Amino acid sequence: MTSSEFYISDEHPMYVERWGSGKDDSSRVVLVHGGVHTGVCWTARPDGQPGWAQYLAEHGWTAFVVDWPGVGRSAGTGALLQSTAEHIVTALVALVREIGPTLVIGHSIGGALAAKVMEVASEHVTGLVSIAPAPHGNITGKRLPLPGDRAITFDEDSTRRFFCNAPRFPKDSIDQYRRSLCAMSPGVFNALSSANGSQALVIKDFATVASIPKLVVAGDNDQLVPYQMSSSIAESLGARHITVGKDWGLSGFGHMIPIENGSEEILKRCLDWFAGVT
């Protein structure tokens, strides 16, 4: 297993970490993290166990792990408060177009970003897997826009309530997990559900993505994306909807599926689904 690093996109540079040999051009996957997180959530669990990137590399895939422009290892490339969903989509589209046909897996807000990338670069996206996804711009609600002059963070109580509540979360490593979190631009958050009138995450041409295989995966203990929300997202995308406890007999998962104990089985089933529809 090998890894290498590079940056993509000139206007809003984005850090990319590549895992795998790269020998099979048909087995590429881009992993898009969610808000207040970085690509670390794909490469290591808080308890030190390997992440989904290593699993994918060990099973013949080439995985591309990103840090959104403005955060993590991309933090030096732009001011956080000026970072927008448009910037992230632009960088992700540049990556997808450079590496060629790829499966895209997005977690939380990364799911909404990945859905928009699927539309913009539909000729290069072979499939979409949204893990506990946030709502893309077509799903409007009562979400009020947050002030644009203050970064979004989660305090300890909110972190434990929304991210660490599920039985499968590695509870002995919560402090280590909290250290991995970072601030998020309100401009990115406000693009969800078009809360600020932004069209950045609105899918404008569903016909373009109709033939692309799509899967929405939800945890039974998710406090951020309840069943009704994940179901609405799947319906809007024309995606298959899976609640892992009810549908796959994998109980105890919450919002942070990729770093929860036993989540490799969920990834395996997602890959099996993808193999069966392509």
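Thr159 is buried, with a relative accessibility of 1%, and it lies in helix H5, which spans residues 156–162. The model described here is a predicted one.

**Around Thr159**

**Aromatic pairs**

- A pair of aromatic rings is described by the distance of the centres and the angle of the planes.
- With ring centres required to lie within 6.5 Å, the count comes to nine aromatic pairs.
- One of them joins Tyr7 and Tyr15, whose rings are 5.7 Å apart from centre to centre with 75° between the planes, an edge-to-face arrangement.
- Tyr7 is partly exposed at a relative accessible area of 46%, whereas Tyr15 is buried at 4%.
- In the pair of Trp273 and Phe274, the ring centres are 6.3 Å apart and the planes stand at 45°, so this pair is tilted; Trp273 and Phe274 are both buried.

**Packing of helices H3 and H4**

- The axes of helix H3 (residues 85–99) and helix H4 (residues 109–120) come within 9 Å of one another and cross at roughly 55°, which means that H3 is oblique to H4.
- The crossing of H3 and H4 is right-handed.
- On the H3 side the contact is made by Ala85, Ile88, Val89, Leu92, Val93, Val96 and Arg97, and on the H4 side by Leu113, Lys116, Val117 and Val120.
- Sorted by class, the residues in the contact of H3 with H4 are nine nonpolar and two charged, with no polar residue.

**Positive phi angles**

- Most residues other than glycine have a negative phi.
- Val36, which is not a glycine, has a positive phi near 60°; Val36 is placed in the loop between strand S3 (28–32) and helix H1 (40–43), and at 2% relative accessibility it counts as buried.
- Ser193, likewise not a glycine, has a positive phi of about 55°; Ser193 sits in the loop between helix H7 (186–191) and helix H8 (206–209), where it is buried with a relative accessible area of 9%.

Conventions. Residues numbered from 1 in each chain as written. Predicted model: local features only at pLDDT ≥ 70, side-chain atom pairs only at ≥ 80, totals over all residues. Heavy atoms only, no water. Phe/Tyr/Trp six-rings, centres within 6.5 Å; stacked < 30°, edge-to-face > 60°. Buried < 20%, exposed > 50% of the residue type's maximum accessible area, 1.4 Å probe, protein only. Axes fitted to C-alpha atoms, helices over the stretch in contact; angles between N-to-C directions. Helix = DSSP H or I, 4+ residues; strand = E, 2+ residues; numbered from the N terminus. Parallel < 35°, antiparallel > 145°, perpendicular 65-115°, else oblique. Left-handed = near helix turned anticlockwise from the far one by under 90°. Contact = heavy atoms within 4.5 Å. Nonpolar A, V, L, I, M, F, W, Y, C, P; charged D, E, K, R; others polar.
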